[in-house]
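Hi everyone, thanks for making time.

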Amino acid sequence: MQHEVTKRQSLLKEDGSLREPGYSKRYLQLYDRKHIQVPAIRIKEWDYYYVGNDRFGIALTVADNGYMGLDSISLLTFAEEGPWEKTTSSIDLMPMGKKNLPYTTYEGDAKSKGKRHFISFENRGDTRKLSFYMERFHSKKAIEGDVTLYCPDTESMVIATPFEDDEKAFYYNQKINCMPAEGLVKYDGKEYRFNAEDSFGVLDWGRGVWTKVNTWFWSSASGRLTEENGLIDGVPPKPVGSGHEKGVESAFGWNLGYGFGDTSAASENMIFFEGKAHKLGNVRFHIPARQGMEVNDDDIGGEDFMAPWRMTDDEGRLEVDFVPIIDRASKTDVKIISSNQHQVFGRCSGKAVLDDGRTIQVRDFMCFAEKVKNEW
């Protein structure tokens, strides 16, 4: 069952529970932090952007997780001679809403700063400007960047997910894929330039109240089909016309995920093509096990994250092989709080079937897939 929310309404009932669990293709249910009926220390809010192409990418996070605030910058390169990644984060205690993250994805800015860094997400309607600076990003060297995302009027993935064991817990999430990107990042004397014809961004906008222990799977792809990497019903895509590189022509991607909450109303799985969202049911990530180990969906430990994966759905509409390039792994454990994250970047080859029956075939299409376990 895939229940679609079709009317604009308040996200929460008066008692703080979700009004209508399900998915939509645009932001319809209205989030308001004041309607949440739990202590502020339990509320989790974040804006996460990833911008990338076949050669390099950046990830930027501003999060207010109640007891902990997080500003984070990542730089990744996917060069064959040696993939490389670095993530540096700044943590502040007990923000509990002081970061003033916006209540909607359509307006409002997210800005955060410390003594040696700042991150700014400015929403200008048809564009989003991402600006950042960190003095001691890595090896005492600074990183800085300004990137513009172009925001055509496209469909996206929006989902309201309850939790079975806590009626006041919920996750409200919007993923906006396939935003053409252009801009410049500077680090260690090198320049990383994004061009709108081959660089794209995704926004992961999350708001909610979580239960203590959760494991999730997530994969995201945003790119452009070309003669080199894709076919549409067996035919190469038409070349993108001059001046249209900032639009939706031949833009393709997906959002896949599962593993937490009560998803009986709907999953978050969608394929995106030329601005339209195509709904999938349930998906599975088939992560191989290390020799002599077992893989458990609820835990992390037995996986061989750098071996080839597969991702499939339950209706035969998605079958892709995922070949990893680099694992952006992070593990922390401070007793009452722990996190084990594996965000793996690589290339996918396979097929995706749209709602109208057209088959998209991709070859070496850049994406990431992750498995994360948090006790928070």
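By buried I mean under 20% relative accessible area, with exposed being over 50% and partly exposed in between, using a 1.4 Å probe and protein chains only.

Before I go on, a word on what you're looking at: this is a predicted model, where local features need pLDDT of at least 70 and side-chain atom pairs count only at pLDDT 80 or more, while totals for chains, interfaces and linings use all residues. Residues are numbered from 1 along each chain as its sequence is written, and side-chain values use heavy atoms, leaving out hydrogens and water.

Okay, back to the cysteines. How many disulfides does a search of the whole structure find? The search finds 0, taking a disulfide as a pair of cysteine sulfur atoms within 2.5 Å. For Cys-348, the nearest cysteine sulfur belongs to Cys-367 and is 3.4 Å away, and Cys-348 is in no disulfide. Cys-367 is in no disulfide either, and its nearest cysteine sulfur is that of Cys-348. Cys-367 is buried too, with a relative accessible area of 4%.

Now, pockets. On a 1 Å grid over the protein atoms alone, a pocket is an open set of points where a 1.4 Å probe fits, with protein on both sides within 12 Å along at least five of seven lines; lining residues have an atom within 4 Å of a point. The largest pocket has a volume of about 970 Å³, and 39 residues line it. Nearest its centre you'll find Asn-65, Leu-70, Ser-339, Gln-341 and Asn-374. Strand E6, residues 68–77, gives the largest share of that lining, 5 residues. Strands here are DSSP runs of E, at least two residues long, numbered from the N terminus. By class, the lining has 19 nonpolar, 14 polar and 6 charged residues.

The second largest pocket comes in at about 440 Å³. It has 25 lining residues, and those nearest its centre are Asn-53, Asp-54, Asp-198, Gly-223 and Met-366. Elements giving two or more residues to this lining include strand E24 (338–353) and strand E25 (359–375).

Last stop: strand E21, residues 283–286. Val-283 and Phe-285 make up its covered face, while Arg-284 and His-286 are on the uncovered one. E21 runs antiparallel to strand E22, residues 309–313, joined by 4 bridges. Within E22, Asp-313 is the bridge partner of Val-283.

Technical notes
Grid points are joined across faces, edges and corners, and a volume is the space filled by probe spheres set on the points. Ala, Val, Leu, Ile, Met, Phe, Trp, Tyr, Cys and Pro count as nonpolar, Asp, Glu, Lys and Arg as charged, and the others, Gly among them, as polar. Two strands pair if DSSP finds at least two bridges between them.
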